[in-house]
Amino acid sequence: DRDFVDLPKYVAAASDKGNLRTVLQWLGKGNIRERVNAKFEEGGNIGLLHIAAMIKQHDLMSYLLLNGADVNILDSAGHSVLRAFCLDESNPSQLVRLILS
């Protein structure tokens with residue numbers, strides 16, 4: 001996965017805590033098309049889109065997608081953001097989980 005930008009730990013932590021200002025500042029400091037797909041190696045190669053989906057940050061998800069985030073990027077377990085989100089037991093959409101199973 002060396003084709004991806006490394007997501008710094010402080011940015012992953014900021015995203016997880018809902019600190020969008022820090023995340024947006026980091027995204028703006030480089031090539032946004034590369035940074036929206038950055039992976040956090042210590043966190044199982046999840047990206048910002050994974051983190052935003054897990055904690056239901058819809059605004060950040062929209063921003064990332066509008067700026068080229070790839071929904072098909074896989075984490076170290078081989079899960080896409082859609083699959084990881086749909087397999088989450090706290091997600092109320094049982095129909096989506098059923099379709100993907």
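What pLDDT does the protein average, and what share of the residues score at least 70? The average is 84, and 81% of the residues score at least 70. pLDDT is the predictor's confidence in each residue, from 0 to 100. This is a predicted model: local features need pLDDT of at least 70, side-chain atom pairs count only at pLDDT 80 or more, and totals for chains, interfaces and linings use all residues. Residues are numbered from 1 along each chain as its sequence is written, and side-chain values use heavy atoms, with hydrogens and water left out.

**Confidence and layout**

- The protein has seven helices and two strands. Both kinds of element are DSSP runs, numbered from the N terminus: helices are H or I with at least four residues, strands are E with at least two.
- Starting at the N terminus, the order is α-α-α-β-β-α-α-α-α.
- Confidence is highest in helix α2 (residues 20-28), at a mean of 95. Confidence is lowest in helix α7 (residues 94-100), at a mean of 52.

**Burial, surface and contacts**

- The protein has 101 residues, and 36% of them count as buried. Buried means under 20% relative accessible area, exposed means over 50%, and partly exposed lies in between (1.4 Å probe, protein chains only).
- Of the contacts with a separation of 6 or more, 57% join residues 24 or more positions apart. Contact means heavy atoms within 4.5 Å.

**The cavity**

- Rolling a probe the size of a water molecule over the atoms shows where empty space is left.
- The whole structure holds one cavity of 30 Å³ or more. On a 1 Å grid over the protein atoms alone, a cavity is a set of points where a 1.4 Å probe fits but cannot get out; lining residues have an atom within 4 Å of a point.
- The largest cavity has a volume of about 90 Å³. Grid points are joined across faces, edges and corners, and the volume is the space filled by probe spheres set on the points.
- The lining has 13 residues; the closest to the centre are Gly-47, Leu-49, His-50, Asp-70 and Ile-73.
- Helix α4 (residues 48-54) gives the most to this lining, with three residues.
- Eight lining residues are nonpolar, four polar and one charged. Here Ala, Val, Leu, Ile, Met, Phe, Trp, Tyr, Cys and Pro count as nonpolar, Asp, Glu, Lys and Arg as charged, and the others, Gly among them, as polar.

- Gly-47 is found in strand β2. Gly-47 counts as buried because its relative accessible area is 10%.
- Beyond its neighbours within four places in sequence, Gly-47 is in contact with Ala-38 and Lys-39.
- The C-alpha atoms of Gly-47 and Val-81 are separated by 8.6 Å, with the two residues 34 apart along the chain.
- Asn-45 lies in the loop between β1 (39-40) and β2 (46-47). Its relative accessibility is 16%, so Asn-45 counts as buried.
- Phi of Asn-45 is near 60°, a positive value in a residue other than glycine. Most residues other than glycine have a negative phi.

- Asp-16 sits in helix α1 (residues 9-16). Leaving aside neighbours within four places in sequence, Asp-16 is in contact with Ile-51 and Ile-55.
- The C-alpha atoms of Asp-16 and Ala-52, 36 residues apart along the chain, are separated by 7.4 Å.
- Cys-86 belongs to helix α6 (residues 81-86). Cys-86 counts as buried because its relative accessibility is 3%.

Terms used. 1 Å grid on protein atoms, 1.4 Å probe; cavity = no way out; pocket = protein on both sides within 12 Å on 5 of 7 lines; lining within 4 Å.
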